[in-house]
Every structure is written in C-alpha cells, then in structure tokens.
Amino acid sequence: MSAALQRAALYVGGFLGPFGGGVVISMLPEIGADTGVSTGDAALTITAYLGPFALAMLVSGTLGARWGRERTVRTAYAVYALAALASALAPTMTLLLGTRVLQGVANAFTTPLLLAALAVITPKDQLGRALGLFGAMQAAGQTIAPLVGGLAAEVGWRWAFVVLAAAAVLAVIGLPSGIGGPPDAAPARLRDALRPRVLRIGLVALLGWGALGGLSFLLAFRAEDFFGLTPAQRGALLTGFGIAGILSARRVGALVDRIGATATVLIGSLAGAALVVVVGLAPILWLAAIAWFVAGVASQCVLVGVNAAVLGGEGRNRGGAVSVVQAFRFGGGAAAPMALTPLYAAAPVASFVLPALLLAIVAPVAMPRDTAMPRDDPA
C-alpha cells in the first residue's frame, strides 16, 4: 500500500469520528417512527455513541500503544464497520443503541491513535499544520454529518449506517509505516498519561469544547426563542461554526508552529469567550451569526493547540496522553447540555456568560507552558 494513500487514510479517519457521531442528528424523527419510540428517545442514539466514546478514550490510547497502533486501528475500523452494518439492520431501538455503543467504543480506539501516529511521522516544526489539517477533517465530519443523515432519511435512514460501514476500507489501507516504537520500548502505562500537565491540558480541552462548540444547542434555543427561526434556518446558522473550522484549521496549525501551542490556546480561549458573550447578547441575527462563525476559528485555536501541546510535550505514552485529553474534550461537550439547559430556562443570558467566564479565567491559568519534545520518544 502506498505511503501517500495510507497518510491520506489517516486524515480520513479524523473525519469518521465526528461524522459517525452526528449523522443521526437530522434523522431522529425517522429513526423514532421506524423503531416505535419518540423523537426524544431516539436522541439516545447520540448519547449511546458519545458517552462510551469519551469514557473509552481515557484508556484507549494507552491500550492501543501496548497492543500496537496499526493492529489496534485496523481492528477498531473493522469493528466500527460491522457495528454500522448492524445498526442498519437493527429492528428495535434497544438493538440500535447497543450497536451505537459499539461504534463509539471502536471510534475511541482510532482517533487518539491516529493523532499519536501523526505526531510520529511529522517533523516537529510542521506538527501544528498537520494537526490543523486533522482538525479540519474533524470539523468537516461534524459539519457534513447532519446533511448526509438528512439526505439518507429521504430514502431510508438505515442507508446512513451503510455509508459508515465504509470504514472497512480504512481497515484494509492501514496506517503509514514507522509509527511504532522500537522493539525494546517499555509497555505504555496509564499513569504516564495521567500526569498533572496532561490533566491541566485536559481541563482546557474540556472548557474549550464545552464552552464553545458544545454551546450549539444554546444557540439553537436562542435562535428559536429570540429570532424565531425555522428548523432549516437554525441548521444553517449552526453550520457556520463548522465551516469556519474547516476553513481555518490549517492556518491555525501554522500559527501553532509559529508562536507555540500555549499562546495559540490563550488567543482562542480569550477570543472565544468574548464571542460566546456576543452570541448570547446580540440583538441582531446577523451579528450573532458572524460571532458564531468566528467562534469556530477560536475553537480551532483551542483544539489544535491542546493537541499540539500534549503531543509536543515531554514524557512517555503520548498516545495515552492525547487520548486522555480527547476524553476530557468530549466529556465537556456531553456535560454542557445537562449543566446549561436548566440555567438557560431560568436566565438565558447567564447560560452564555457563565461558560464564557470559565473559559476566559480558567484556561489561561490551567494551560501549561510549551515544552520541547524529544523526537525519539517512542510512545
């Protein structure tokens, strides 16, 4: 298999995770009607994917380093494809939820290992740009998923899962050569990934996603309650965040290479906090739309920056470390609706201002300074 094709497949794997998580969003009524449950119950297909995904990522990077990155990723893609086909055939909601859990767990054994592999095969002075491209692919998956799901639902929602089964192709292609450590490398240990520096970066990732991208549901509430938008109009408004991420991620990566991960994260955190306040207070729709679009750029500064900080840092088991950071990130996204929906009902403005303040105050304090990374670190 050509190295160019394998490297391209690595980036496509970054697309797959957010795409698989979000593809059901626009077809929940159809899923519910076909399986005999309400649309609200059908929304559990999102939780069934993202919850196990975030939890499994606490350990997936470490386990994958022990088992071998390429073997683990190939196996995870194969399980993901089989689970997607099972989702397409599931006759009941219970079985569908079970297959979504398998998809989420399988994806947890691809995303952090792909990031670790990318760090191994990329020169340190180009790591930011490589992570930026990976971030752009993730943003593209998040943005395109609802569209593909909606189109599939016009024919039959089960076809969306047939599309996901294409992960089997990635299992065949595999990863670029040279991504493993030397034969005498010590086994990866979870405690090497749970270092204070990694946990601090994880806290920033939690806030960076939970207080930025994770607030899309709040903007959807406000778009309906304050601006009176239709579902299609709300969808178009929310898409701006992802489009901005696609367009800006590689440039953000270049910024990381130029000024460092810490400075880039701080720029994204402070700018993102200000933009979230504008989104929550703007009296005019076009102002809220512009602020949300630019917030997508700020989010990439945080997300690409934290990945570069943990992969470019010192210490062993960088695959396990980035896995922990990603678990924090998606944990923040999962916690935001539970924490902020009641606050929105009581005080809509406060539901935007509070996460913005947390992002602006905590992220600069928690984010550690940049450190040099030894290029021969095998983990």
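A: In this predicted model, confidence is lowest in helix 11 (residues 190-193), with a mean pLDDT of 73, and highest in helix 15 (residues 261-281), at 96. Here pLDDT is the predictor's confidence in each residue, from 0 to 100, and helices are DSSP runs (H or I, at least four residues) numbered from the N terminus. Over residues 373-379 the pLDDT is below 50. Where pLDDT is low, the predicted coordinates should not be read in detail. For the protein, the mean is 85, and 93% of residues reach 70 or more.

The largest pocket has a volume of about 1700 Å³. On a 1 Å grid over the protein atoms alone, a pocket is an open set of points with protein on both sides within 12 Å along at least five of seven lines, and lining residues have an atom within 4 Å of a point. Grid points are joined across faces, edges and corners, and a volume is the space filled by probe spheres, of 1.4 Å for the probe, set on the points.

Its lining comprises 50 residues, and Gly22, Ile25, Ile46, Gln142 and Ser216 lie nearest the centre. Helix 14 (231-259) is among the helices that each supply at least two lining residues; its share, ten residues, is the largest. Others include helix 1 (3-22), helix 4 (44-67) and helix 8 (127-155). By class, the lining has 25 nonpolar, 23 polar and two charged residues. Ala, Val, Leu, Ile, Met, Phe, Trp, Tyr, Cys and Pro count as nonpolar, Asp, Glu, Lys and Arg as charged, and the others, Gly among them, as polar.

Residues are numbered from 1 along each chain as its sequence is written, and side-chain values use heavy atoms, without hydrogens and water. As the model is predicted, local features need pLDDT of at least 70 and side-chain atom pairs count only at pLDDT 80 or more, while totals for chains, interfaces and linings use all residues.

Note on methods:
Contact means heavy atoms within 4.5 Å.
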